[in-house]
Amino acid sequence: MENKIDVAADSMANRYKDIPGWGHDADPKNNPTYPMKNYTGDDHERLNWERPVQQVTDIEVLHSNERPSLSAVFGVAAPPSGLSGMLRRFAFKHSESTYSHWLPLVLADRINMIEGIVEDIGKGHIPNVFAERGWNAEWKHNQKSFITKVVVGVAITSALVLILKSRKKSRREQNQSHYSY
């Protein structure tokens, strides 16, 4: 079998030898992944490690239902709260290999952004949306894409407003014709 590999490598090297840099890893004897590591005999030492001291949990920490306990150390910068927190709690009831775990987390991130803006306004701070969303940098370095995004956003928003108004108008007309008897 090794002879077949050597023959295949040699024939490929001859076919592509004029391409600069091609085949520098074609020799299986020069494969950087073999041997996988230099065995020192100390591998058994890693089995006797001591678990670090558990970080104190004074707030709610969400963790995978596939783990029996919390990690020894974890981040607590943004504990779950509001609607986004409810979505996160729902997501962590499901396995990490399912859409019912990841999609609610993505949605929770978007909702959390809106909750943050509302919270800022509630505290009397008007957020600088242009700077926080990176629009100033995009305008400076990628005007075409920025203008496209703005036009598409305005078009979609206008279409939604028109659809909602037309539905409201048709309901009003339907209600008036219903009561006109």
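Student: How do the residues lining the largest pocket divide into nonpolar, polar and charged?

Tutor: In this predicted model, the lining comprises 10 nonpolar, 1 polar and 2 charged residues. The lining has 13 residues, and Val 61, Leu 62, Ala 78, Pro 79 and Pro 80 lie nearest the centre of the pocket. The space in this pocket amounts to about 170 Å³.

Student: Why is Asn 65 called partly exposed?

Tutor: Its relative accessibility is 42%. Buried requires under 20% and exposed over 50%, with partly exposed in between; Asn 65 therefore counts as partly exposed.

Student: Which residues does Asn 65 contact, leaving aside its neighbours within four places in sequence?

Tutor: They are Phe 92, Lys 93, His 94 and Ser 95. Phe 92 is 27 residues from Asn 65 along the chain, with a C-alpha separation of 6.5 Å.

Student: What makes the approach of the Asn 65 side chain to the backbone oxygen of Lys 93 a polar contact?

Tutor: A polar atom of that side chain lies 3.0 Å from the oxygen.

Student: How many helices and strands does the protein chain have?

Tutor: The chain has 6 helices and 0 strands.

Conventions
Residues numbered from 1 in each chain as written. Predicted model: local features only at pLDDT ≥ 70, side-chain atom pairs only at ≥ 80, totals over all residues. Heavy atoms only, no water. 1 Å grid on protein atoms, 1.4 Å probe; cavity = no way out; pocket = protein on both sides within 12 Å on 5 of 7 lines; lining within 4 Å. Points joined across faces, edges and corners; volume = space filled by probe spheres on them. Nonpolar A, V, L, I, M, F, W, Y, C, P; charged D, E, K, R; others polar. Helix = DSSP H or I, 4+ residues; strand = E, 2+ residues; numbered from the N terminus. Buried < 20%, exposed > 50% of the residue type's maximum accessible area, 1.4 Å probe, protein only. Contact = heavy atoms within 4.5 Å. Polar contact = N/O pair within 3.5 Å; in protein donor to acceptor, adjacent residues only side chain to side chain.
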